[in-house]
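Hi everyone, thanks for coming along. Let me put the structure up on the screen, and then I'll walk you through a few parts of it.

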Amino acid sequence: MEWLELTRASADSIRANKLRSGLTTLGVVIGVASVILLVSIGEGMRNYLADIFAGMGSNLLFVSSGKRDTRGAGKGLSTVRKITLEDAQALRQRSLNVVAVAPIVMGGGTVEHGSLSRESLVMGVDENMPLVRTLPLGSGRFISAEDEDGKRRVAVIGRKVARELFGERSVLGLPIKIADARFRIIGIMAPKGQSLGYDFDEMVYIPVSCALDLFNLEGLTSVWIKAGNQTNLQPAIDDVRRILKNRHNNREDFTVVSQADLLETVNQITATMTLVLLGIASISLLVGGIGIMNIMLVSVRERTREIGVRKALGARRRDILLQFLIESVMVSLMGGLVGLALGSLIALGVHAAVPDIPVKITPWSLFVAFGFSMAVGVFFGVAPAQKAAALDPIESLRYE
Amino acid sequence: MIEIENVSKVYKMGDSEVHALRDVQLHVPAGAFVAIVGPSGSGKSTLMNIIGCLDTPSSGSYRLDGQLVSNMRDDALATVRNRKIGFVFQTFNLLPRQTALENVSLPLLYAGVSRRERREQSLAALKRVELTDRALHKPAELSGGQRQRVAIARALVNRPSILLADEPTGNLDQKVGREIIALFERLNRDEGVTLILVTHDRDLAQMAPRRVEIIDGQIVSDLTS
């Protein structure tokens with residue numbers, strides 16, 4: 001029997017039980033929609049993070065205290081010797097493969113002006129910071145070598161901090177209190193938005209030596225290093241290791257991570273996350289498949305007589321098998337298509353409603369969802385179809 | 001042409017064996033009209049199933065048009081049914097959601113006939129039972145007699161060797177039943193269709209020139225008038 005006719009026979013039976021078929025597809029619709037939705041969010045997250053790390057430049061290195069085998073950023077062990085400003089100085093002077101070295105101190109504190117105050121992230125940096133990362137300035141100037149050397153109490157503030165504490169007026173030269181110490185504003189950053197979980201518009205930059213005093217720290221939080229280019233990245237890593245080990249009594253009590261390492265870690269984490277989300281979504285697809293199997297078994301029983309008639313008229317096992325298999329595949333594919341549309345719409349809707357949730361509908365997730373729903377139809381349709389194909393024509397013709 | 005030699009059929013029911021047919025001999029030449037009569041439980045259904053290639057004998061041989069079919073397996077039997085046997089059932093067994101035309105063309109579908117030829121041959125078959133004007137009606141829109149005539153058209157459409165009718169008038173009132181029998185007679189007389197009529201009704205069986213009576217799995221009489 002031809003495919004066209006088999007398909008017609010299957011479509012006919014689906015049409016005859018519209019409500020039942022519709023309800024059966026619902027399981028697959030929900031399954032496929034959740035696959036699309038969750039994978040879109042997972043992939044969106046991954047793209048978002050990968051973009052950020054890629055945007056930092058591939059020749060960046062991050063040095064922090066403490067030796068870790070695992071990759072990624074985190075706090076070092078407290079027993080090790082901290083990385084100091086002098087360490088950063090040494091790296092800057094002794095390595096030919098390094099273009100810029102920026103010491104970083106991270107801290108938080110209350111930022112006040114007059115009666116207004118807010119909690120803010122405070123970053124201690126020096127004049128090398130803009131060489132490592134692009135930080136566009138809105139107005140005024142950034143922290144200079146003289147500010148750093150003279151431990152001048154000057155601050156460059158983010159756009160949001162400026163607006164909240166000062167409104168729309170010009171703030172250059174105005175005093176500001178950071179963690180109870182008086183500073184003078186010398187610059188405002190251009191709006192940059194959120195990145196890596198930080199809102200850069202809420203950031204306050206002060207000279208790194210001031211930050212060490214202010215937060216009463218012995219060492220730097222980290223050192224950001226820019227290698228000349230991709231080719232001297234590895235020599236730069238080797239240089240950093242050698243120079244720091246030399247200064248730290250030959251102990252490697254620090255960690256050097258490259259931007260590529262971070263990117264890879266992020267990719268690994270987000271890929272795992274996507275897989276987990278896919279797994280969760282697959283469960284609902286599985287449940288949908290069981291629903292299809294259930295209904296197909298009912299359908300086979302209901303149509304025992306029809307099967308008997310078809311067999312008496314010359315239908316072979318294969319004809320009956322395919323007829324029922326096509327029916328279950330059609331049900332699941334219809335569910336797959338509706339789920340595909342629904343999942344994509346919800347994903348886009350979520351992104352439209354909450355732009356902070358990154359969403360990316362990837363072609364592969366569409367194929368996977370579609371392929372899955374087809375596979376579900378075949379997998380859960382085979383048993384009922386085989387049951388139908390194996391029916392004895394004499395018994396079936398007698399079935400009431 | 002049917003050649004049944006020493007055919008027996010034994011069913012196992014638990015520990016005991018039920019002999020549905022014992023050593024049956026039956027030859028039916030092409031173009032014949034034979035009635036198989038017997039009370040229920042006599043084995044006539046079993047014989048009909050074997051003749052119709054829905055079942056195979058436990059022993060003995062059955063040749064249909066010279067081809068040995070008694071040792072065939074499922075799919076091969078399905079093909080033989082499709083090409084050589086036309087079934088007419090007591091309960092018509094039409095597919096309710098399909099039109100008369102679609103029902104009639106079902107055997108052609110399984111024979112792999114092209115769409116266009118299916119339509120032509122099915123219409124021709126409906127013409128033979130004088131139902132051309134009902135071709136696009138569904139079974140529910142037809143009377144009992146009309147439904148049975150659609151079923152007969154379906155049985156004829158593949159030009160089978162045998163038309164096998166199992167109590168074809170059982171669900172029809174007497175007048176319509178007579179019309180159906182008249183249709184059978186006409187098909188047999190004018191078109192040379194080989195006809196086997198299975199019934200428990202002796203009066204109906206009298207319509208056939210040859211009557212085979214079966215009791216307890218054995219042929220007890222084989223009369224030709």
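Predicted model: local features only at pLDDT ≥ 70, side-chain atom pairs only at ≥ 80, totals over all residues.

Strand β3 of chain B covers residues 33-37, and strand β9 of chain B covers residues 210-215. The two run parallel and are joined by four bridges.

Both belong to an open sheet of six strands in chain B, and if you read across it the order is β6-β7-β8-β3-β9-β10, with mixed pairing. At the edges of this sheet are β6 (85-88) and β10 (218-224) of chain B; each has a single partner strand, so one side of each has no neighbour in the sheet. On average, neighbouring strands in this sheet are turned by 20° against each other, if you ignore direction.

Next, the place where the chains meet. How many residues does each chain bring to the contact? Chain B gives 18 residues and chain A gives 16. On the chain B side, the elements giving two or more residues are α2 (74-84) and α3 (100-111). The largest share of that side, six residues, comes from α2(B). By class, the side of chain B that touches chain A has nine nonpolar, four polar and five charged residues.

Finally, over to chain A. Its domain assignment gives domain 1, made of 3-52 + 265-398, and domain 2, made of 81-252. The C-alpha centres of these two domains of chain A are 54 Å apart.

How values were computed. Residues numbered from 1 in each chain as written. Chains lettered and ligands numbered in written order. Domains from an automatic or database assignment. Contact = placed C-beta atoms within 7 Å. Nonpolar A, V, L, I, M, F, W, Y, C, P; charged D, E, K, R; others polar. Pairing = 2+ DSSP bridges. Axes fitted to C-alpha atoms, helices over the stretch in contact; angles between N-to-C directions.
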